[in-house]
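Please find below my comments on the structure under review.

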Amino acid sequence: MSHDHDHNAPAAMVDEISDFEALEIAVREICIEKGLFSAEDHRKFTEFAEHIGPTPAARMVAKAWLDPEYKKLVMTDAIAASKAVGVDYLNPTGFGTPSDYTDLRVLEDTPSVHHVVVCTLCSCYPRPILGFQPEWYRTPNYRRRLVRWPRQVLAEFGLTLPAEVDVRVEDSNQKCRFIVMPVRPAGTEGWTEDQLTEIVTRDCLIGVALPKPGVTSNLELPVHRAAKPAHH
Amino acid sequence: MAVPEKMHAPADMAECAANWTPVPLLEEIKEHGRVWGELAEQYGVTNPDPPWKTSLDGMCEVLASGSCSSMAAAEKRWLAGDVVRDAMDAPLPLLERRWEEDELSATLYQDVPFPERQLLALTHSLIKRGLVDPEILKQRMKEVHERLAAT
Amino acid sequence: MSQHDRTHHARIATGKGDPQCFAGTAGGPPKFKVGDRVRIKDMPDIFYTRCQVYTRGAVGEVAVVTHESPAPEDEAWGHVDKSEWFYIVRFKQTDLWPEYPAAFANDTLQTEFSERWLEAV
């Protein structure tokens, strides 16, 4: 029973190698040995499947903040603009489905309008440029409530917007997919494209968070400080 | 139903579908392998996907990509006039893999849950193309089991 | 043969994109332009639709004329020989939800419709 467990115990793991797990490893090793692909290339694609690290969409936003000409392209033809960050929308990676093609649009925030994206009918998401949806994006809770009580839902994400900022919800229900281009935050003057890319986290691109200097997806998790730290 | 001609599977794919024959090794795994749902329940794990799922996704992708190192090498040889252009093709193009996965999922592996079904179908496609030898695969699986269980 | 061949789509869309592969197939120019006031029709949807119930009967303004594509009500059944223009329509939240707070009267919501769902106001 779960209440018998220590609350700090790690989550349970499956301590058994199934034939399927062994099969996946064996097939992969044989393919690598035959030169069908390299281990490094395989790792890169797997990393993409796990959407670790800054997304291509983050770089698109950072580039647009720095380059007004590129920003024009982003706003008028995001599919063409996505090539500059290494994503070919017309030949998408094949994780899935028709929804990997689609018509990419960028929603530009201003000091007086904030955008946030939802798909009330399913979980439409710009996967080629943003990776897989977070679990909460697929939940009926988010989908049902965001369109109706957006400020309340955003506040639950820790984003409380002042009354003078209008909230614009985008319900992504057809073949358009959306990312939000937030306003470049104060305190980032003189930053490089790489520095800016780091702070445009996935949640900023969906619109449930705003970029802040010092807040990146690679930030260390908060920890309980040791009461009696040991010095070595 | 108004489906344009170009949306039908090409003839060679249809022909291919008629020739699905069971692979003894994969049949054995299908019968006796323990699927994630069963393991997760036994060990009290709530993760919906097995730990190897994203690696399988990565493998499907990299097999369909032209960017892998052996392909880059093939392209160089092609540019140098050493080989015919066909050598540049991906080992297992996306459309063929996905189409075969759908066919196999509806036939040989219809009773296997996802993603185990996807893994069996991918392996089946690789074996049918002669890219993976079932005897070598069987031996390698044994070695993997031993390596991962090593204490 | 499996019921649904997922490669159909990639075969028509690769290299072009979808909806881009349907460009020029709506048989004419778009009926509405950016800024037009439109009402969402409340039509029957027994089988399949992507027109949300909460938008039915509401009046909004065309924000973007997006592209041509078969309507999902047709495409879901494999009928892709007839396309329509699509529009992103912007609504005032207070026009969609009676209880939406008046303090946030400028909050908006946008979503997309095929032409069959729109009528001029």
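This is a predicted model: local features need pLDDT of at least 70, side-chain atom pairs count only at pLDDT 80 or more; totals for chains, interfaces and linings use all residues.

The points below treat the chains, the sheet, the cores and the helix packing in turn.

1. Composition of chain A. The secondary structure of chain A consists of 11 helices and 4 strands. Of its 232 residues, 50% are buried. Among contacts in chain A with a separation of 6 or more, 66% link residues 24 or more positions apart.

2. Composition of chain B. Chain B has 8 helices and 0 strands; read from the N terminus, its elements follow the order α-α-α-α-α-α-α-α. Buried residues account for 45% of the 151 residues in chain B. For contacts in chain B with a separation of 6 or more, the share from residues 24 or more positions apart is 64%.

3. An open sheet of 7 strands runs in the order E2(A)-E3(A)-E4(C)-E3(C)-E2(C)-E1(C)-E5(C), with mixed pairing. Its edges are E2 (113–118) of chain A and E5 (118–120) of chain C, each of which pairs on one side only. On average, and with direction ignored, neighbouring strands of the sheet are turned by 35° against each other.

4. Which strands pair in the parallel sense over 4 bridges? They are E3 (residues 166–171) of chain A and E4 (residues 108–114) of chain C. Within this pairing, Arg168(A) has Thr108(C) of E4(C) as its bridge partner.

5. Strand E2(A). This strand runs parallel to E3(A) and is joined to it by 6 bridges; Val113(A) stands opposite Asp166(A) of E3(A). E2(A) is mostly covered, with 6 of its 6 residues buried. The cover extends to both faces: Val113(A), His115(A) and Val117(A) are buried on one side, and His114(A), Val116(A) and Val118(A) on the other.

6. The largest nonpolar core. This core comprises 69 residues, and Met60(A), Ile129(A) and Tyr142(A) have the most contacts inside it. Helix H3 (residues 56–66) of chain A gives the most to the core, namely 7 residues. Apart from this core lies another, of 39 residues, which includes Ala22(A), Leu56(B), Leu92(B) and Leu120(B). As general background, nonpolar side chains in soluble globular proteins tend to be buried together.

7. The surroundings of Tyr142(A). With residues up to four places away in sequence not counted, Tyr142(A) touches Val116(A), Val117(A) and Val118(A), as well as Trp136(A), Tyr137(A), Val153(A), Phe157(A), Ile206(A) and Val208(A). Val116(A) and Val118(A) are buried on one side of E2(A), and Val117(A) on the other.

8. Why does Ser82(A) count as buried? Its relative accessible area is 0%, and the cut-off for burial is under 20%. Ser82(A) lies in H5 (residues 78–82) and, leaving aside neighbours within four places in sequence, is in contact with Met60(A), Tyr70(A), Val87(A), Tyr89(A) and Ile129(A).

9. Packing of H1(A) on H8(B). H1 (residues 19–33) of chain A and H8 (residues 134–149) of chain B have axes 8 Å apart and pack at an angle of about 115°. The crossing is right-handed. Residues making the contact include Ala22(A), Ile25(A), Ala26(A) and Glu29(A) of H1(A), together with Leu137(B), Arg140(B), Met141(B) and Val144(B) of H8(B). By class, the contact residues divide into 11 nonpolar, 1 polar and 5 charged.

10. Helix H2 of chain B. Which residues of H2 (residues 24–32) of chain B are buried? They are Leu25(B), Leu26(B), Glu27(B) and Ile29(B). Their cover includes H1 of chain A, along with H7 (116–128) and H8 of chain B.

Methods:
Residues are numbered from 1 along each chain as its sequence is written. Chains are lettered from A and ligands numbered from 1 in the order in which they are written. Side-chain values use heavy atoms; hydrogens and water are left out. Axes are lines fitted to C-alpha atoms, for helices over the stretch in contact, and angles run from 0 to 180 degrees between N-to-C directions. Helices (H or I, at least four residues) and strands (E, at least two) are DSSP runs, numbered from the N terminus. A crossing is left-handed if the near helix is turned anticlockwise from the far one by less than a right angle, and right-handed if clockwise. Contact means heavy atoms within 4.5 Å. Ala, Val, Leu, Ile, Met, Phe, Trp, Tyr, Cys and Pro count as nonpolar, Asp, Glu, Lys and Arg as charged, and the others, Gly among them, as polar. Two strands pair if DSSP finds at least two bridges between them. A nonpolar core is a set of buried Ala, Val, Leu, Ile, Met, Phe, Trp, Tyr and Cys residues joined through side-chain atoms within 4.5 Å. Buried means under 20% relative accessible area, exposed over 50%, partly exposed in between (1.4 Å probe, protein chains only).
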